[in-house]
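Please read the points below beside the sequence and the model. They are numbered so that each can be answered separately.

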Amino acid sequence: MHTGSPQELRDMERRALQIGQQIASLLDDLERIAPGSVHANVSGLGFSIRRAGGGFVAMQGR
């Protein structure tokens with residue numbers, strides 16, 4: 001549970017989303033290597049990764 005300031009929470013959520021975007025990019029790379037073989041259910045602090053538009057994207061929210 002977060003006990004810091006609202007700004008600290010926003011900073012943590014922003015960093016978590018950046019990491020999620022990196023994970024989505026790696027999943028896209030795997031999908032290019034082996035099409036149809038990648039399945040993921042990933043979420044983190046303030047983000048989730050979904051398959052969209054032929055690739056994976058990290059989106060704010062869960």
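1. E1 and E2 form a hairpin with 2 residues between them, and Gly-46 in that turn has a positive phi of about 80 degrees. The two strands run antiparallel and are joined by 3 bridges; two strands are taken to pair if DSSP finds at least two bridges between them. Val-42 stands opposite Ile-49 in E2. Element names follow DSSP runs numbered from the N terminus, with helices being H or I runs of at least four residues and strands being E runs of at least two.

2. This is a predicted model, in which local features need pLDDT of at least 70 and side-chain atom pairs count only at pLDDT 80 or more, while totals for chains, interfaces and linings use all residues. Residues are numbered from 1 along each chain as its sequence is written, and side-chain values use heavy atoms, with hydrogens and water left out.

3. On confidence: pLDDT is the predictor's confidence in each residue, from 0 to 100. The protein has a mean pLDDT of 88, with 95% of its residues at 70 or more. Confidence is highest in H1, at a mean of 92, and lowest in E1, at 86.

4. A second hairpin is formed by E2 and E3, again with 2 residues between the strands. Gly-53 in its turn has a positive phi of about 60 degrees. Strand E2 (residues 47-52) pairs with E3 in the antiparallel sense over 6 bridges. Along this pairing, Phe-47 stands opposite Gln-60, Ile-49 has Ala-58 as its bridge partner, and Arg-50 has Val-57.

5. Taken together, the 3 strands form an open antiparallel sheet in the order E1-E2-E3. Strand E1 (42-44) and strand E3 (55-60) each have a single partner strand and stand at the edges, so one side of each has no neighbour in the sheet. From one strand to the next the twist averages 30 degrees.

6. How does helix H1 lie relative to E2 and E3? Helix H1 (residues 6-33) lies across both strands and runs at about 170 degrees to E3. Axes here are lines fitted to C-alpha atoms, for helices over the stretch in contact, and angles run from 0 to 180 degrees between N-to-C directions.

7. Which residues make up the largest nonpolar core? There are 9 in all: Ala-16, Leu-17, Ala-24, Leu-27, Val-38, Phe-47, Ile-49, Phe-56 and Ala-58. H1, E2 and E3 each supply at least two residues of this core, and H1 gives the most, with 4. A nonpolar core is a set of buried Ala, Val, Leu, Ile, Met, Phe, Trp, Tyr and Cys residues joined through side-chain atoms within 4.5 Å.

8. Glu-31, in helix H1, deserves a look. Glu-31 is buried, with a relative accessible area of 14% (buried means under 20%, exposed over 50%, partly exposed in between, with a 1.4 Å probe and protein chains only). The side chain of Glu-31 reaches the backbone nitrogen of Gly-36 at 2.6 Å. Leaving aside neighbours within four places in sequence, Glu-31 is in contact (heavy atoms within 4.5 Å) with Gly-36, Ser-37, Val-38, Arg-51 and Phe-56.

9. Ala-40 is found in the loop between H1 and E1 and is partly exposed, with a relative accessible area of 34%. Beyond neighbours within four places in sequence, Ala-40 is in contact with Leu-27 and Phe-56. Ala-40 and Leu-27 are 13 residues apart in sequence, with their C-alpha atoms 8.2 Å apart.

10. Two further H1 residues can be checked. Ser-25 lies in H1 and counts as partly exposed at 38% relative accessibility. Ser-25 and Phe-56 are 31 residues apart in sequence and 7.1 Å apart in space, C-alpha to C-alpha. Gln-7 also lies in H1 and counts as partly exposed at 38%. The C-alpha atoms of Gln-7 and Ser-25 are 27 Å apart, at a sequence separation of 18 residues. The side chain of Gln-7 makes a polar contact with the side chain of Arg-10 at 3.0 Å. A polar contact is a pair of N or O atoms within 3.5 Å; within protein, one must be able to donate a hydrogen and the other to accept it, and residues adjacent in sequence count only if both atoms are side-chain atoms.
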